[in-house]
Amino acid sequence: MIERRKLLGLGLGVLGASAIGPMAAFAQAKLGISDPIADLLQRQSDLAEGMAEDELPAAVAAPIAAPVSQVRTASHAPRWLKLHNIHTQEKLEAVYFDKGEYVPDAVQALDRVLRDYRTGDVYSMHPELFDTLSALSQKTGSKSHFQVISGYRSPRTNAMLHERSGQVAKRSLHMDGKAMDVYLEDVALDRLRAAALDLGRGGVGYYPVSNFVHVDVGPVRRWVGS
């Protein structure tokens with residue numbers, strides 16, 4: 001059983017389905033029926049956030065993630081993360097890192113919340129991505145859940161979005177579990193962006209019109225989209 005102190009707010013919503021199944025949602029997007037996230041993604045730039053590992057110079061390529069059970073860090077302080085998937089309405093508050101290591105059951109629960117909501121595919125997200133968000137939460141002093149616009153994106157979903165819009169990268173770090181598009185309800189978007197840039201980790205994309213900040217664990221870089 002998942003310990004209460006490690007997984008808070010993990011109710012039926014986290015394990016349940018949205019109003020329409022993920023495959024039905026994918027079919028709607030393929031047929032051109034309105035899909036808010038697809039419409040939003042069409043306005044994104046494909047310049048930086050879509051760069052794949054094999055497209056990057058070897059000197060700046062992001063490291064390959066080690067299995068969660070093998071990852072250790074110097075700091076043993078517990079790390080919390082609060083997520084809200086705006087498409088499935090799932091919420092999760094978890095201690096995903098404790099006693100010097102990542103907590104497998106908590107990490108798996110986070111991965112599920114961040115799944116591709118269209119296809120239902122779950123992917124092992126890069127642990128450093130969780131660390132980036134945890135650090136952002138502390139740096140901004142936010143008490144809110146991160147509102148997740150996009151977490152993992154399956155190859156099938158990414159191909160569909162790329163076909164619909166040339167602004168969606170053919171190879172995206174979202175497909176490797178290394179990127180998220182988020183915002184915080186209690187932190188101004190420009191302040192969230194500034195905090196992310198101040199961390200000096202990975203890529204930071206600023207989308208003031210679409211109202212989110214892209215963060216990833218690729219090379220350190222920045223850009224502005226719509």
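Glu90 is buried, and Arg115 is buried too; buried here means under 20% relative accessible area, with exposed over 50% and partly exposed in between (1.4 Å probe, protein chains only). This is a predicted model, in which local features need pLDDT of at least 70 and side-chain atom pairs count only at pLDDT 80 or more, while totals for chains, interfaces and linings use all residues. Residues are numbered from 1 along each chain as its sequence is written, and side-chain values use heavy atoms, leaving out hydrogens and water.

Let's look at the charged pairs. The structure holds 5 salt bridges, each defined as a side-chain nitrogen of Lys or Arg within 4 Å of a carboxyl oxygen of Asp or Glu. The table lists some of them, including the Glu90 pair.

| Glu90 | Arg115 | 2.6 Å |

Helices (H or I, at least four residues) and strands (E, at least two) are DSSP runs, numbered from the N terminus. Asp216 and Arg221 are both buried. Asp176 counts as buried because its relative accessibility is 17%, whereas Arg171, at 29%, counts as partly exposed.

Now for helix α5, which covers residues 127–140. Of its 14 residues, 11 are buried, among them Phe130 and Asp131. Gly141 follows α5 and has a positive phi, near 75°.

Definitions and conventions:
The expected span of a helix is 1.5 Å times one less than its number of residues.
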